[in-house]
Amino acid sequence: MEQYIVSARKYRPSTFDSVVGQQALTTTLKNAITAERLAHAYLFCGSRGVGKTSCARIFAKTINCTNRTASGEACNECDSCRQFNENRSLNIIELDAASHNGVDDMKSLIEQVMVPPSVGRYRVFIIDEVHMLTSQAFNAFLKTLEEPPGYVVFILATTEKHKIIPTILSRCQIYDFNRISISDMVAHMQRVAASEGIQAEASALNVIAQKADGAMRDALSIFDQVAASSGGNITYAATIENLNVLDHGYYSRLVDAFVAQDVPAALLIYKEIRAKGFDSQFFINGLGLYMRDLMVASDPSTICLLEAPDNIRAEMAERAAKLHPTFLYKAMELCNDADFNFRQASNKQFLIELTLIRLCQLLSPSPDESGSGGGQLKPLVAAATPVAAAAPGVPQGTAAPAVQPQRVQEPAVRYKAVEPQAPQSHGPAHTIGSFSLRRPARAAAEPEKPAEAPVAAQKRQAAYSDADIASAWGRCVAQYSSEPVLSSTLSAIEPVRARGDSFVLSVSSSIQLDILSKEINGLEQKLRQAVGNDDISLEVRLVEGDLPSSLWTDDQVLSAVLEKHPGLADFMAKYKMRLM
């Protein structure tokens with residue numbers, strides 16, 4: 001029976017062309033060999049499993065080959081190549097600096113340097129994990145490294161270049177190896193699977209590549225593990241189960257719960273994840289990365305940053321298109337805060353559950369932008385007294401004399417509504433606190449063209465009541481059912497008559513204000529169409545109401561106390577006291 005060899009050893013690169021993910025570096029080495037421009041010392045740096053030692057062995061084999069191919073590779077037929085392939089070459093000496101890191105080991109190495117090659121042109125000394133050498137060993141090695149015999153080439157390999165003293169770095173040509181990309185690892189594993197007769201799904205190999213974290217050796221080890229557990233049929237489900245990886249389906253369901261503002265669903269999904277044995281910090285990190293992937297997938301110019309198969313990219317892009325960018329930014333920030341506070345939290349489960357609740361409230365009307373306030377606001381409704389429509393003869397933007405302004409009623413959660421102002425003649429505004437973003441004046445303000453009929457004669461000016469507006473608004477909201485974020489936002493508010501044909505949409509979240517400001521023109525046209533009156537105008541206002549004291553933040557409590565007891569401010573300044 002043939003002895004089993006793990007894939008990481010069996011498919012270890014033997015030529016420069018077979019090295020995965022280091023094309024620029026291997027091309028440089030091949031060109032240097034072809035041009036006979038060899039340095040006496042090289043330093044190969046990079047993370048684990050990226051091919052440092054493999055490239056060193058290939059380089060040593062190639063420079064001693066007596067009959068190189070036209071592409072600059074070793075021939076595998078000369079005496080030097082055969083000795084190398086059979087592991088009996090005396091010209092290639094490998095030293096593990098992790099276990100041979102003293103001065104005596106360096107003295108022994110220097111003695112071997114004095115022996116010329118028996119076959120071939122060069123003796124190559126490969127020192128792996130060179131950063132493990134002691135300071136004394138480095139100093140003993142310096143002179144030989146700087147001026148070795150002409151037949152000696154040193155190749156130092158390390159995963160931690162910053163631990164090597166500058167005097168060593170200055171004597172070497174330094175090559176930094178890249179982390180191997182997911183696409184390169186997947187392509188290589190597909191070749192290995194085809195060679196071994198193993199069926200492997202691309203999505204499963206993508207999970208393995210992500211788990212390997214840029215190391216080809218780790219990817220092949222995981223590949224062998226999953227192939228053994230699945231009987232040679234590597235499927236996505238088998239890979240997820242074997243590697244204990246949290247499926248993106250959970251994150252997708254959580255995003256749906258956030259958009260629907262469904263707190264119980266989010267908490268139940270988290271309970272299901274914990275029941276499967278996943279660590280809470282691992283989960284919140286994964287959720288943050290999923291939000292990041294949605295963010296980069298939302299823009300065609302950044303979707304290349306999403307390392308995933310094409311079908312996953314398309315799915316993520318479709319989902320991201322339905323989410324507002326501000327929602328994604330805030331969600332990423334909340335996940336990052338939870339991860340930062342996880343170690344200090346005494347009740348870690350409560351921390352994660354609180355984060356999920358705040359994520360569900362991001363799209364809810366709340367007193368602050370973080371979603372941490374006192375729950376969802378009820379829709380703002382107009383007073384029960386009906387208001388007559390503006391008289392047909394009254395110019396656009398001017399209230400009819402018989403119409404009295406109505407006040408926006410205070411919602412049930414006791415937020416103080418903003419007193420709506422009379423619309424100005426130059427068009428309605430989107431009010432943000434004390435600032436105003438004016439929309440361009442409507443077509444009625446443009447100069448009339450003599451050849452055309454008067455604009456006013458073409459306007460629809462059907463009479464309507466507040467009940468008609470409420471009914472038409474419901475029909476307008478129903479047209480946005482395919483856009484869950486916008487639909488959810490519109491369902492929570494109602495237009496309230498300010499004066500004449502001007503209506504106010506009051507929101508209490510800057511996220512909602514941002515969303516509606518982009519859609520206000522389309523909403524206005526839909527409402528005019530539904531009612532049959534072109535004089536109707538809409539404006540969005542951010543309600544900055546007063547909270548009951550029971551819902552005040554720490555800063556608000558402190559401000560109220562300082563206002564009532566001014567002397568406390570001097571006391572706090574004297575003893576350098578502040579809120580934590």
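Which residue in β5 is the bridge partner of Leu43? In this predicted model, the partner is Ile174. The pair belongs to the contact between strand β1, residues 41-45, and β5, where 4 bridges join the two strands and the direction is parallel.

An open sheet is formed by 5 strands, which follow one another in the order β2-β3-β4-β1-β5 with parallel pairing. Because β2 (92-96) and β5 (173-176) each have a single partner strand, they stand at the edges, and one side of each has no neighbour in the sheet. From one strand to the next, the twist averages 20°. In general, the strands of a sheet pair through backbone hydrogen bonds, in either a parallel or an antiparallel manner.

Helices lie against this sheet. Helix α5, which spans residues 103-113, lies across β2, β3 (123-128) and β4 (152-158), and runs at about 160° to β3. Helix α6, residues 135-146, also packs on the sheet, where it touches β1, β3 and β4. The direction of α6 makes about 135° with that of β4.

Is Ala215 buried or exposed? The relative accessibility of Ala215 is 1%, and the limit for a buried residue is under 20%; Ala215 therefore counts as buried. Leaving aside residues up to four places away in sequence, Ala215 touches Arg48, Gly49 and Met185. Ser181 is 34 residues from Ala215 in sequence, while their C-alpha atoms are 8.9 Å apart in space.

The open spaces of the model come next. The largest pocket holds about 1,100 Å³ of space. Its lining comprises 38 residues, and Asn206, Gln210, His248, Asp293 and Glu307 lie nearest the centre. Several helices contribute at least two residues each to this lining, namely α8 (182-196), α9, α11 (236-243), α12 (248-259), α14 (280-297) and α15 (310-320). Of these, α14 gives the largest share, with 7 residues. Sorted by class, the lining of the largest pocket contains 19 nonpolar, 10 polar and 9 charged residues.

The second largest pocket contains about 790 Å³ of space. It is lined by 31 residues, and those nearest its centre are Ala8, Arg12, Pro13, Ser54 and Arg57. At least two lining residues come from each of α1 (7-10), α3 (52-64), α4 (79-85) and α10. Helix α3 provides the largest share of the lining of the second largest pocket, 6 residues. By class, this lining has 12 nonpolar, 9 polar and 10 charged residues.

How many cavities of 30 Å³ or more does a search of the whole structure find? The search finds 2. The second largest cavity has about 30 Å³ of space, and its lining is made up of Ile33, Glu36, Leu38, Ile63, Arg68, Arg121 and Tyr122. By class, the lining of this cavity divides into 4 nonpolar and 3 charged residues, with no polar ones.

Terms used: Residues numbered from 1 in each chain as written. Predicted model: local features only at pLDDT ≥ 70, side-chain atom pairs only at ≥ 80, totals over all residues. Heavy atoms only, no water. Pairing = 2+ DSSP bridges. Axes fitted to C-alpha atoms, helices over the stretch in contact; angles between N-to-C directions. Contact = heavy atoms within 4.5 Å. Buried < 20%, exposed > 50% of the residue type's maximum accessible area, 1.4 Å probe, protein only. 1 Å grid on protein atoms, 1.4 Å probe; cavity = no way out; pocket = protein on both sides within 12 Å on 5 of 7 lines; lining within 4 Å. Points joined across faces, edges and corners; volume = space filled by probe spheres on them. Nonpolar A, V, L, I, M, F, W, Y, C, P; charged D, E, K, R; others polar.
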